[in-house]
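My notes follow the model.

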Amino acid sequence: MSTPLAPPTAPEVPAAPADIRPPSITRGDHRTETHSIVATDGTLLTLLHVRGPREPDRGPVLLVHGAGVRAELFRPPIPYTIVDSLLDRGWDVWLLNWRASIDLPLNPWTLTAAALHDHPVAVRAIREATGAASLSAIVHCQGSTSFALAAAAGLLPDVDTIVSNAVALHPVIPAFARFKLLTMAPWISRMTGYLSPAWAYRSDGVFSRITRRAVALTHPECDNLVCRMVSFTYGSGRPALWSHRHLDERTHDWITGEFAAVPMSFFAEMGSSVRAGHLVPSAGSALPADAATTAPRSAARFALFAGEDNRCFLPESQRRTLAHLERYQPGRHSLHIIKGYGHLDVFLGRDAWRDVHPLMLKELER
């Protein structure tokens with residue numbers, strides 16, 4: 001474990017471009033190796049080790065995607081991705097396909113299972129491969145909630161900095177999203193074992209066709225039906241996960257193949273957490289039931305990020321997690337509210353390299 005870094009001067013840090021470097025690495029410069037690893041419950045996962053034109057001179061950083069997507073989320077077809085930014089600064093970059101990845105077989109996953117079985121194994125595998133004493137992480141959405149839960153439970157002692165986007169320990173969602181999650185999802189679970197934005201172009205029975213038709217009628221915001229299905233599945237808004245003004249046409253088309261099935265087991269678990277106001281581990285699990293409500297069993301420093309316009313998880317989610325962490329570790333953690341951004345355009349936006357990446361890099365390098 002590395003020596004704790006100096007605490008920030010204030011718990012909430014204003015979001016502004018910082019230390020902007022012109023792009024010099026692109027996807028064409030990437031060398032990617034895929035490593036298979038096995039979670040402690042036997043689930044097969046993959047780690048993508050991404051290298052740039054030069055050898056890294058900083059430590060390893062693990063990137064963890066959200067629900068119903070995959071590790072490639074961090075490499076959209078924009079000129080300069082967060083992976084490029086990290087490689088440009090000399091980081092040793094690893095991307096995790098955890099049990100929620102659409103590159104893995106569909107399974108009834110939960111955040112609790114990922115916290116217990118996936119993230120500790122991934123961290124250990126990277127440390128063994130690199131010889132590093134510790135590592136940093138950039139975690140997004142449900143990759144962030146499950147990773148934060150693992151850290152709070154004391155399962156990630158070798159992680160020293162966690163850059164968390166959108167939500168960590170305290171999910172707060174818009175009113176209509178709350179209605180869908182708490183009222184509609186239990187009914188939907190009687191019809192299907194999962195929801196999938198891929199139903200936009202691939203039917204799977206009568207319910208998928210009814211859902212596609214309903215979404216087409218109620219979400220007229222663009223011509224990309226996957227984009228509209230994503231809004232129905234994950235939040236409240238048109239669209240819910242990004243602002244169209246941040247996505248170029250190529251990226252907006254690319255998302256068609258990047259979203260697929262999410263099991264209803266996740267929505268049930270998230271419903272319990274939203275009701276409680278904090279993450280609630282699945283009943284009967286080995287995770288401590290008070291992992292999100294008591295002092296974190298972790299020395300990791302959290303740098304919390306939230307798009308000001310996020311309609312999946314409101315910025316209040318990260319504010320509450322900051323307040324919780326500061327109660328036990330005052331002055332150690334930080335919060336960035338990114339003006340004009342939402343949920344995923346923090347990574348998919350054409351100008352994210354200028355507006356967001358420098359802030360994340362500074363947090364990693366503190």
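I began with helix H9, residues 316-328, in this predicted model.

I noted 8 strands in an open sheet with mixed pairing. I wrote down the order as S1-S2-S4-S3-S5-S6-S9-S10. Strand S1 (31-38) and strand S10 (334-338) are at the edges. Each has a single partner strand, so one side of each has no neighbour in the sheet. For the twist I recorded an average of 20° from one strand to the next.

Strand S3, residues 60-64, pairs with strand S5, residues 135-140, in the parallel sense, and I noted 4 bridges. Opposite Val61 I found Ser136 in S5.

Last, I turned to two helices. How do the axes of H2 and H3 cross? Helix H2 covers residues 111-130 and helix H3 covers residues 141-152; their axes come within 8 Å and cross at roughly 80°.

I listed the contact residues by helix. From H2 they are Leu111, Thr112, Ala114, Ala115, His119 and Val123. From H3 they are Gln142, Gly143, Thr145, Ser146, Phe147, Leu149 and Ala150. By class I recorded 7 nonpolar and 6 polar residues in the H2 contact with H3, and no charged ones.

Key: Residues numbered from 1 in each chain as written. Predicted model: local features only at pLDDT ≥ 70, side-chain atom pairs only at ≥ 80, totals over all residues. Heavy atoms only, no water. Pairing = 2+ DSSP bridges. Axes fitted to C-alpha atoms, helices over the stretch in contact; angles between N-to-C directions. Contact = heavy atoms within 4.5 Å. Nonpolar A, V, L, I, M, F, W, Y, C, P; charged D, E, K, R; others polar.
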